2 protein chains.
Amino acid sequence: MNAPLPRIEPREMPPAFLDALQQTFGERCSTALAVRQQHGCDESSFVAPPPAAVVFARDTADVASAVQLASLHGVPVIPFGAGSSIEGQLLAVQGGISIDLRGMNRLLSLDADDLTVTVQPGITRQQLNEAIRHSGLFFPIDPGADASIGGMCATRASGTNAVRYGTMRENVLALEVVTAAGEVIRTGTRARKSSAGYDLTRLMVGSEGTLGVITEVTLKLYPLPEAVSAAICSFPSIEAAVRTTIQVIQLGVPIARVELLDGRSVGMVNRHSGLTLREEPMLLMEFHGSPAGVREQAETVQAVAGDFGGQAFEWATTPEARTRLWTARHHAYFAALQSRPGCRAISTDTCVPISRLADCLLDSIAEADASGLPYFLVGHVGDGNFHFGYLIDPDSPSERERAEALNHQLVARALSMQGTCTGEHGIGLHKMDFLVDETGAGAVAMMRAIKQALDPKNILNPGKIFSNPSTPGR
Amino acid sequence: MNAPLPRIEPREMPPAFLDALQQTFGERCSTALAVRQQHGCDESSFVAPPPAAVVFARDTADVASAVQLASLHGVPVIPFGAGSSIEGQLLAVQGGISIDLRGMNRLLSLDADDLTVTVQPGITRQQLNEAIRHSGLFFPIDPGADASIGGMCATRASGTNAVRYGTMRENVLALEVVTAAGEVIRTGTRARKSSAGYDLTRLMVGSEGTLGVITEVTLKLYPLPEAVSAAICSFPSIEAAVRTTIQVIQLGVPIARVELLDGRSVGMVNRHSGLTLREEPMLLMEFHGSPAGVREQAETVQAVAGDFGGQAFEWATTPEARTRLWTARHHAYFAALQSRPGCRAISTDTCVPISRLADCLLDSIAEADASGLPYFLVGHVGDGNFHFGYLIDPDSPSERERAEALNHQLVARALSMQGTCTGEHGIGLHKMDFLVDETGAGAVAMMRAIKQALDPKNILNPGKIFSNPSTPGR
């Protein structure tokens with residue numbers, strides 16, 4: 001059984017549209033089923049009919065042409081980056097076409113003196129960091145998956161480095177965007193700050209493809225830290241690990257990463273990545289700075305951890321050892337899937353003010369334990385953001401129901417603590433109702449009014465974030 | 001002679017509206033000329049007829065009531081914070097009423113463990129920092145003037161600390177806003193990050209009162225640094241000071257403040273504040289961190305400064321000495337006005353990528369020198385943002401023309417260098433044409449579409465950022 005799908009509302013696909021598309025793009029327009037299917041799914045557990053065609057864009061002009069045709073015929077367009085979104089953002093729930101941006105993966109301009117880079121949206125974060133390595137700079141935002149930069153903009157991604165470097169919200173300086181009418185606009189300059197009119201950059205960041213197709217991105221970069229060290233520390237309880245994190249943040253320690261894994265997730269990671277980490281609640285940390293600064297940070301954190309019963313730090317000092325640890329962390333999701341062959345993961349993404357993190361986590365763990373479902377738990381705890389992954393048998397409706405019930409309870413708890421239903425994954429198809437609960441009907445009405453104003457034909461990734469603007473209610 | 005005013009377009013003021021306003025607010029609604037005049041000007045050099053009435057709001061419900069009445073009668077409303085904006089944002093160019101928010105200056109909730117605070121919009125940044133001092137936290141954004149937090153949100157303010165702590169864009173977590181229909185919405189939660197729908201917070205930040213009236217603000221706070229030290233360093237040339245700054249930023253030194261004053265501005269400050277600083281190009285810097293971290297930063301910066309011929313640092317180690325220095329810096333604007341009694345200042349606000357800062361400054365200085373106008377020059381150079389203030393005789397049309405011509409040349413230069421016409425002051429009445437030059441007609445059309453969607457009657461601070469949505473062209 002597949003996931004219940006929110007509102008499949010395919011629109012009519014005018015044959016003239018597909019003809020025009022094929023005339024314009026030739027063999028860069030595919031209607032092969034395998035290609036369409038590959039572009040009609042993401043890392044979510046949802047399933048929908050695939051898009052009617054896939055256009056492989058080479059440049060901004062291609063994107064503009066495709067959107068102009070789609071606008072003329074009222075056909076939905078869905079931008080495709082790396083396919084790693086996890087809330088159904090890529091699914092063609094109202095039909096339409098996918099625009100594959102993976103061919104637009106060039107670095108357009110590296111301005112090392114200004115700590116900025118301008119790229120096409122299809123470049124992935126690893127490709128980007130590879131391409132700028134010689135400059136002594138790096139782009140820190142790291143959601144785990146090797147996502148495309150355009151997709152990371154679209155979902156307002158963050159990940160393990162956000163506690164120090166912020167999220168995509170803080171690190172995108174400017175965008176080039178193809179509007180719903182197929183026009184090309186720029187949302188900003190390379191200046192570090194600006195008060196010039198409405199912040200269209202931040203309006204596009206996190207809009208999940210519903211307000212425009214991102215065709216160019218200017219990002220902030222950072223000097224590679226002079227010194228980097230990573231450490232793991234095991235704790236007698238999740239609470240001890242979380243309380244350590246809270247105190248570290250409150251002390252203002254500029255820790256670069258602080259990730260929580262619960263004991264069972266450590267076990268999954270061990271088995272998946274061939275490691276022998278102690279299968280107890282664990283913090284995985286990284287410190288960036290000058291050698292003296294890193295030493296100072298680490299000493300402070302060790303002292304705090306000690307107060308909460310943390311074990312002595314185990315250091316990963318070589319780049320290879322660090323990479324092995326972080327790769328293992330990034331593979332936690334796959335390690336978890338592997339632990340129950342054939343399962344799917346229902347991922348949560350709540351984020352709460354850090355003072356409420358321990359309460360939120362502990363209550364949610366108790367609920368998850370009581371449910372009997374297997375799960376993993378990882379968290380960007382420095383931000384108050386964490387993910388349960390409930391590992392369900394996709395053929396068991398009751399397991400899915402239990403998982404969704406757990407997610408609902410968790411979101412309700414996070415909202416009651418002044419948190420959010422999604423720290424970094426986005427609303428997609430899955431959290432529309434939560435969005436209303438979180439922000440209120442008035443704020444969602446304002447979002448809908450913006451959507452209606454900028455995309456009056458509702459062709460840009462329709463059915464995501466909220467259902468059709470014309471549909472009453474949610 | 002007063003400044004030429006962009007488009008005075010007063011609307012009809014229905015007598016029934018003023019009656020209803022006075023019935024609702026009683027003595028908290030004033031039509032006294034002196035009160036209206038006080039609310040009808042800011043720190044800009046523009047002059048317009050005052051608003052028809054001023055409502056003194058006590059709470060969000062007051063603001064909502066006033067906006068509901070204004071909406072019913074199609075009357076403009078202009079939020080008033082501290083009156084310190086400098087691009088004409090407060091001027092009633094289309095008539096209407098001012099809503100004075102200074103009475104809404106309470107701290108609503110300090111969540112020290114989460115490093116957040118929620119305040120009413122009329123609280124000023126100094127009042128805020130005074131109110132939270134006991135917590136060991138502070139709010140770093142410092143535009144110089146003791147602006148209101150609501151006003152700082154509205155103009156996307158920044159100032160001297162932005163190089164390390166960011167601007168209002170990065171430091172507002174959530175807002176409560178009264179919409180054009182008089183409804184109350186919330187734009188976010190207290191979570192540090194979120195991917196829940198469109199970023200209404202950042203859409204409101206920098207919208208200059210044209211999309212809603214801000215009635216509550218949740219801000220990020222920071223632990224007071226364990227160690228703070230400030231230093232001044234004189235340089236043989238502006239270029240040497242700027243090149244020092246550029247290198248410090250490129251090295252990734254987390255300097256908290258780095259401000260440039262040219263030699264004549266130092267002289268003005270000396271005479272205004274009774275100081276005896278060397279009247280040469282000067283950097284005024286501040287370092288925040290642990291004692292060892294501050295020492296390390298200062299050593300790095302001293303070494304770089306030495307390479308460019310900088311004098312030995314003069315340290316301001318006591319809080320009193322630091323306050324004296326920064327107060328002097330913050331009074332540079334008034335010091336400059338005092339240097340030419342009766343003058344007005346035409347302020348510029350360009351911001352460029354830091355690699356272009358030296359070129360941009362030096363060419364602009366040469367132009368200013370050639371013009372014969374007196375001026376001052378201060379800069380948040382760590383961000384690439386600087387301000388010329390051309391000191392003109394308000395009765396001399398030719399001086400105003402020369403100043404505006406200099407500003408035009410400067411903006412054109414900044415835009416050609418991928419910079420912005422305004423780093424922190426906003427568009428207001430003064431930079432509408434520059435906004436189109438900077439972002440392009442397509443982006444401005446998108447902004448207008450948003451304005452039209454959220455404020456269809458155009459009652460929220462109309463005539464700012466762009467002229468009426470219904471007016472063709474700019």
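**Entry 1: the contact between the chains**

I count a contact wherever heavy atoms come within 4.5 Å. The model I am reading is a predicted one. I looked up the contact between the two chains. It takes 74 residues from chain B and 74 residues from chain A. I then asked which surface each copy uses. Of the interface residues of chain B, 100% are also interface residues in chain A, so the copies meet through the same surface.

**Entry 2: area**

The size of an interface is often given as the accessible area lost when the parts come together. Here chain B and chain A bury about 6000 Å² between them. Carbon and sulfur atoms carry 60% of that. On the chain B side, I noted B:Lys193, B:Ser195 and B:Tyr198 as the residues that lose the most area to chain A. Together they make up 16% of what that side buries.

**Entry 3: salt bridges**

I found a count of 4 salt bridges between chain B and chain A. One that I looked up joins the side chains of A:Lys193 and B:Glu424, at 3.0 Å from N to O.

**Entry 4: symmetry**

I superposed chain B on chain A. A rotation of 180 degrees does it, with 0.0 Å of shift along the axis and an RMSD of 0.0 Å. The two copies are thus related as by a two-fold rotation axis.

**Entry 5: two helices in chain B**

I turned to α10 (residues 263-273) and α13 (residues 332-339) of chain B. Their axes come within 8 Å and cross at roughly 90 degrees. α10(B) and α13(B) are therefore roughly perpendicular to each other. From α10(B), the contact uses B:Met268, B:Val269 and B:His272. From α13(B), the residues include B:Phe334 and B:Gln338. I sorted the contact residues into 6 nonpolar, 3 polar and no charged.

Note on methods
Residues numbered from 1 in each chain as written. Chains lettered and ligands numbered in written order. Predicted model: local features only at pLDDT ≥ 70, side-chain atom pairs only at ≥ 80, totals over all residues. Heavy atoms only, no water. Axes fitted to C-alpha atoms, helices over the stretch in contact; angles between N-to-C directions. Helix = DSSP H or I, 4+ residues; strand = E, 2+ residues; numbered from the N terminus. Parallel < 35°, antiparallel > 145°, perpendicular 65-115°, else oblique. Nonpolar A, V, L, I, M, F, W, Y, C, P; charged D, E, K, R; others polar. Least-squares fit on C-alpha atoms with pLDDT ≥ 70 in both. Buried area = accessible area lost by both parts, 1.4 Å probe.
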